[in-house]
Amino acid sequence: MNQAMFTSEVFFWLSWILIPLLVEIIPSIGSAFLLMFKRFKQNKDPIPTLYPEISILIPVYNSANTLEACLNSIDKSTYDNELISVLLIDNGSKDNSYEVFQACQLKYDLSIQWLSSNQGKSKALNKGLFNANGKYIINVDSDGYFEANSITNMVNRFESDLNLHCLTGVILTDYKLIKKTKSFLLRQVRKLEYMEYCQAFLVGRNYNAANNSMFTISGAYSAFRKSTIMNTFLYNTNTICEDAHITYQIKAKKMNVGICENAIFYVEPIDDLNKLYVQRQRWQIGELEVFHMFKQGKLKVKNLMKDKIFSVLLFDHTFTFPRLIWFFALIALSIRNYPIMTVAYASFIIYALYVLTGILYYFSVRVYLNPFKADLKFYNHIFLYTLIYPLYNFYVFILRFMGIINSINRASSWKTFNFSDELEIMKNIIKNDFRIFKKSEDISNVNENVSI
Amino acid sequence: MLTKMYQYKFYLDANHYVVFDDKVGEIHPHTWEIALGIQLVGKDVIPFYIIEEEIKDELAIYQNKLLNEIKPFDTLNPTLENIGDYFTNSFTKRIANQGWNLRTFMISETPSRSYITLY
């Protein structure tokens, strides 16, 4: 082997293996151990002498099929029904959600009220906030249901730490529905999605919360002290990502956002791959949109990397940025006729390292799932999916990356959209996706707009 | 004498921007809550829907719009106070047409920030 080849070989391995190792794999090993350690150190939250009254806000939009299960889980929860007031805020349902509400009102010994609102989830939530009187306000989606101890655990956490102002719960997909899935392929995707939710909440957000760097609570299950949310401008009705927006507002007031990792809310697993495609892009676009709203006029490229919010955005559990670098490095190497076997070996090593960190994450999730025996059993059963999880993760990353591209496309029209505009925009964005990658003139347009 | 009143609540979702000391603020959205105290005159009962329709008709002009583009806020700075004063007048007339009295008016931008007018 001559000198030049040796140098290029060393350079190759350094850049190919070292970058992901340093920016992604080693930090993730660190965080996995940190989370396990945190769990062992953690004491059980003390039980308050007197439980407070709480309000549960549930925006309703064509929720006839899921609403009863949601209300039923509140009724069956370990939190005293007398201390719960449920506000259903309808924002334009066209199905028989109202009849379901009436039936539930008769059936359950629970205070349930119905309010009407303009269309849009955040508008509905704002109406709820005006009418919520509880010490704590819990917001959930109407298409999921609480784990029995979820509400009690959430209140225990708030009561035991007065410095916590806002908490996100943990969203998991319903393992019973995953098991029942008929299509083989869809069942695999749903198991991987379950693993993803576990990691996103019990590792990703959990780690962010430990570092005080969590910038999105989950809109599907979040909780606030009433005193905290009264200090904000309520939900922003101009964004599709109102949950991220309210978190930014709370962070901007130097108030603490955390995760209650033993408060679980179950949602339905993904319908199909198309749905996954739309959902993930929406999340990515929404996150960037909120980021843009808060950074308006102050954005400079040289300051970007110093910005905590920005780095969390890029380095969050999707690790968009580092992956991007060597995803393109892979393409560049192939074009430059690099020995294909070397590239293949390197990819294999990286993949193996991903699986390894995936397994570490798997075990740190496991210590948090421990109190939830049924979920734990299911989680044990999907252990081997850690072997293919990096592939799924990469697919999701591609979707999110397309979301970033699309948000650059719409950057000029950030301002005000109503719900139907929003739907129309989403439809067009998704229709245009493939065109962007095919047409070269479109690519050049994208490049012109990259300087955010 | 016992005064008998009804309270109604309405919500207005709209965007606005305000001008302070010649500085034009950013466009931003609000969900305003508007609470009206209406006094019964003469009759025993006010059917809820009559007042509701009156007020919702008026608010519909502004729902989901940018206030600064709609009369009178195209020339009147849409601060909480100006919005409150304008709607107080306009609702007073609408309610008077039905033969009842608007006695209290409260507009809130959050549950902890409100502006009130009283007769």
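Is K107(A) buried or exposed? In the predicted model examined here, K107(A) is exposed, with a relative accessible area of 55%. The side chain of this lysine takes part in a salt bridge with E68(A), in which the closest N and O atoms are 2.6 Å apart. K107(A) belongs to helix α3 (residues 97-107) of chain A and E68(A) to helix α2 (residues 67-76) of chain A, so the pair ties together parts that are 39 residues apart in sequence. E68(A) is partly exposed, its relative accessible area being 30%.

The overall composition of chain A was examined next. Chain A contains 18 helices and eight strands. Of its 452 residues, 56% are buried. The accessible surface of chain A amounts to about 21,200 Å², of which carbon and sulfur atoms supply 61%. When contacts in chain A between residues at least 6 apart in sequence are considered, 83% join residues at least 24 apart.

Over all chains, the search of the whole structure returns 13 salt bridges. Two further pairs within chain A are described here. In one of them, K121(A) is bridged to D141(A), with 2.9 Å between the closest N and O atoms. K121(A) counts as partly exposed at 26% relative accessibility. D141(A), at 19%, counts as buried, because the class of buried residues is limited to those under 20% relative accessible area.

The other pair consists of R157(A) and E261(A), whose closest N and O atoms are 3.1 Å apart. This pair links distant parts of the chain, 104 residues apart, with R157(A) in helix α5 (residues 150-160) of chain A and E261(A) in strand β8 of chain A. R157(A) and E261(A) are both buried. The two residues also belong to a network with D45(A), in which the three are joined by salt bridges that share partners.

The interface between the two chains was then characterised. Chain A contributes 16 residues to the contact and chain B contributes 18 residues. Together, chain A and chain B bury about 1,500 Å² between them, and 56% of this area is on carbon and sulfur atoms. One salt bridge is found across the interface of chain A and chain B. Its partners are D13(B) and K127(A), whose side chains meet with an N to O distance of 2.6 Å. On the side of chain A that touches chain B, five residues are nonpolar, nine are polar and two are charged. Eight residue pairs are in polar contact across the interface of chain A and chain B, both residues being at pLDDT 80 or more.

Within chain B, the surroundings of Q39(B) were examined. Q39(B) is placed in strand β4 (residues 28-39) of chain B and counts as buried, at 15% relative accessibility. The side chains of Q39(B) and R103(B) are joined by a polar contact of 2.6 Å. With residues up to four places away in sequence not counted, Q39(B) touches T3(B), K4(B), M5(B), W100(B), N101(B) and R103(B).

Backbone geometry was considered last. Most residues other than glycine have a negative phi, and most peptide bonds are trans. K254(A), which is not a glycine, has a positive phi of about 65°. This lysine lies in the loop between α9 (242-252) and β8 (256-267) of chain A. K254(A) counts as exposed, at 74% relative accessibility. In chain B, N64(B) likewise is not a glycine and has a positive phi of about 60°. N64(B) is located in the loop between α1 and α2 of chain B, and is partly exposed with a relative accessible area of 38%. A cis peptide bond runs from K71(B) to P72(B), with omega near -5°. P72(B) is found in the loop between α1 (48-60) and α2 (80-97) of chain B.

Conventions. Residues are numbered from 1 along each chain as its sequence is written. Chains are lettered from A and ligands numbered from 1 in the order in which they are written. This is a predicted model: local features need pLDDT of at least 70, side-chain atom pairs count only at pLDDT 80 or more; totals for chains, interfaces and linings use all residues. Side-chain values use heavy atoms; hydrogens and water are left out. Contact means heavy atoms within 4.5 Å. Buried area is the accessible area (1.4 Å probe) that two parts lose on being put together, summed over both. A salt bridge is a side-chain nitrogen of Lys or Arg within 4 Å of a carboxyl oxygen of Asp or Glu. A polar contact is a pair of N or O atoms within 3.5 Å; within protein, one must be able to donate a hydrogen and the other to accept it, and residues adjacent in sequence count only if both atoms are side-chain atoms. Ala, Val, Leu, Ile, Met, Phe, Trp, Tyr, Cys and Pro count as nonpolar, Asp, Glu, Lys and Arg as charged, and the others, Gly among them, as polar. Helices (H or I, at least four residues) and strands (E, at least two) are DSSP runs, numbered from the N terminus. Buried means under 20% relative accessible area, exposed over 50%, partly exposed in between (1.4 Å probe, protein chains only). Accessible areas come from the Shrake-Rupley method with a 1.4 Å probe; for residues, only the protein chains shown count as cover.
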